[in-house]
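The sequence and the structure are shown first, and the description follows by topic.

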Amino acid sequence: MARYEVWAPYASVRVRVEVDGVEHELARCPERSGWWSGEAPEGDYAFRLDDGPPLPDPRSPRQPLGPDGPSRAVDHAAFHWSRTGWRGRALPGAVLYELHIGTFTARGTFDAAAEHLDHLVELGVDFVELMPVCPFPGRHGWGYDGVSPWAVHEPYGGPEGLKRFVDTAHRKGLGVVLDVVHNHLGPSGNHLPAYGPYFTDRHHTPWGSAVNLDAPGSDEVRAYLIGSALAWLRDYRIDGLRLDAVHALVDDRAFHFLEELSYAVERLAVTENRPLFLVAESDLNTPRTTAAREAGGHGLTAQWSDDFHHALHCALTGESQGYYGDFARAPLAALAKALRHGFFHDGGWSTFRERGHGRPFGSTAGHRLLGYLQTHDQVGNRALGDRISTSLPPGRLACGAALVLTSPFTPMLFMGEEWGAATPWQYFTDHTDPELAEAVRRGRRREFAEHGWTAEAVPDPQEPATLLRSVLDWTEPRRAPHSELLDWYRTLILLRRTRPELADPDLGAVRVVYDEAAGWLVVHRGPYRVAVNLGPGEAAVPLAGTGREVVAAFGAAPAAGPGVPEGGAVRLAADSVAVVLTG
């Protein structure tokens, strides 16, 4: 026999568990308001509330037939973990690599992705960050429409597949970070509203009613989400979580949900005797996200830095539409500010928002910000899903890589970036509801029509070819010019690992010199100078110190080795970069 329990305060008369087609009555729990429990045989199960249809368990650990099907228990103790000796590692000093299981390989499974982990070991990264893996209707999607926050998408390989992936990564010395979504559930397959007040109209988000973090019933909703987060870290031995769009987690309670979550993860880390961490995606530009709980903060380990990305993107591409406009007026100045102070928007005017935005970062701990040249958002949310590598020459890509990988931030790469992948990464879906599929298709085309795109030019998210175009081509890294760029990424990551000054997270120690008109910029990292020339022609880039050795270079720049030019300057051709050790 097995014990079944469910929080279903909206059930007024009865709750039954249906196990392999046979119904069994559950009883109210007198000591736990809204909870029902009872014993029944083991098997695939669903709950019936009053006389309603069978519904999957909100805490289902497995959905073998998809989000609308019956639930299945998982015996986490039955999995045989390898004796890897992996005891985790902290986030500071690490390099992350974001990937999507469904398009990392043609097979689109955990096992297929694990076959390429040696590539990441040779690249030199420390953590693999998986985009969401919770179940969603259909086979293919980004994963942000997941509806079962305790389960694993079956087409990827289900719970066992995820554990095999994590186990393999740990054997190879790689940590694993998982992207989780607490701010909404997908529009299809979401059965939580039938059970209880999981959502509230007190607040609204881009996805509709907000997740209930502060209205009546919110104690159980918070426990539900925190329990899910801890399960990934404990049962799947994940090392850290990336929290999607925490600015949409609206919570007016004195003890903010993020603060409660960070406290729970800290306690679990002590129990597990290994480092565990939380990384937020936040649009708020507030230091509260990563400030210590004792100082009134939420206590998260780090957050993504879109400011750094936007400034770098504008400097490399010259784009100025939408939110890039604030950075495009003087991109090198914006980039310098982000490198020195963390936030670009720190209280000043934001043209895109038509108001002031943000406040000073308030810390010199640069490792608390993730810096990146590309992410799934910044590629996939473009009309064509085009990577920056499709419009820039290798030398300019190398400049961007150098600024990311020698920055005071925690660097993160997006899959394929390291070889300048020519494949796009587009917005693809596999909605099984025809009306929802059509609504998504129309919405995508309407969104980009406002920016001048015709409907025919915007890829159809439901078209299988959209997914297939987005799969990485693993023959590219073996061919020029991809192979040369890959070597450059490996060189930079090795330099970051072996030259501590290039990984120093102290924002107060960063100095940036630039010439906006000429297009060159130099980042001072202790005795090292990271010099990039983004201008149209050759430039003599001042180093503010006698050059002693070019330790790495890409493009028509000086070859690595001694003999750096006289006069404290290095001559760089357009789209060139050099890392110089000064005397």
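How much space lies in the second largest pocket? The second largest pocket holds about 590 Å³ of space. The model is a predicted one, in which local features need pLDDT of at least 70, side-chain atom pairs count only at pLDDT 80 or more, and totals for chains, interfaces and linings use all residues. Residues are numbered from 1 along each chain as its sequence is written, and side-chain values use heavy atoms, with hydrogens and water left out.

**Terms for the strands and helices**

- Helices (H or I, at least four residues) and strands (E, at least two) are DSSP runs, numbered from the N terminus.
- Two strands are taken as paired if DSSP finds at least two bridges between them.

**The second largest pocket**

- A pocket is an open set of points on a 1 Å grid over the protein atoms alone, with protein on both sides within 12 Å along at least five of seven lines; a cavity is a set of points where a 1.4 Å probe fits but cannot get out; lining residues have an atom within 4 Å of a point.
- Grid points are joined across faces, edges and corners, and a volume is the space filled by probe spheres set on the points.
- The lining of this second largest pocket has 26 residues, of which Y45, D57, R59, P61 and A73 are the closest to its centre.
- At least two lining residues come from each of β1 (2-7), β5 (45-49) and α6, and β1 gives the largest share, six residues.
- The lining of the second largest pocket comprises 15 nonpolar, two polar and nine charged residues, where Ala, Val, Leu, Ile, Met, Phe, Trp, Tyr, Cys and Pro count as nonpolar, Asp, Glu, Lys and Arg as charged, and the others, Gly among them, as polar.

**Cavities**

- The model contains four cavities of 30 Å³ or more.
- The volume of the largest cavity is about 110 Å³; 15 residues line this cavity, and C134, G146, P149, V180 and V181 are the closest to its centre.
- Two or more residues of that lining are given by each of β8 (175-180) and α6 (218-235).
- By class, the lining of the largest cavity has eight nonpolar residues, six polar ones and one charged one.

**The open antiparallel sheet**

- Five strands in the order β1-β4-β3-β2-β5 form an open sheet with antiparallel pairing.
- Its edge strands, β1 and β5, each pair on one side only.
- Neighbouring strands of this sheet are turned by 30° against each other on average, direction ignored; the axes are lines fitted to C-alpha atoms, for helices over the stretch in contact, and angles run from 0 to 180 degrees between N-to-C directions.
- Six bridges join β1 to β4 (residues 35-40) in the antiparallel sense, with Y4 opposite G38 in β4.

**The parallel barrel**

- Eight strands with parallel pairing close into a barrel in the order β6-β7-β8-β11-β12-β13-β16-β17, and the twist from one strand to the next averages 30°.
- β11 (residues 240-243) runs parallel to β12 and is joined to it by four bridges; L241 has L278 in β12 as its bridge partner.
- Two bridges pair β12 with β13 (residues 302-304), again in the parallel sense, and V279 stands opposite A302 in β13.
- In a regular strand the side chains alternate between the two faces of the sheet.
- From β12 (residues 277-280), F277 and V279 point one way and L278 and A280 the other way, and all are buried; buried means under 20% relative accessible area, exposed over 50%, and partly exposed in between (1.4 Å probe, protein chains only).
- Strands β16 (residues 369-372) and β17 (residues 410-414) run parallel and are joined by three bridges, with G371 opposite P411 in β17.

**Loops and backbone geometry**

- Most residues other than glycine have a negative phi, and most peptide bonds are trans.
- A245, in the loop between β11 and α7, has a positive phi near 40° and counts as buried because its relative accessibility is 6%.
- D575 lies in the loop between β24 (569-572) and β25 (576-582) and has a positive phi near 55°; D575 counts as buried at 18% relative accessibility.
- A cis peptide bond, with omega about 0°, joins A480 and P481, and P481 lies in the loop between α14 (464-469) and α15 (482-498).
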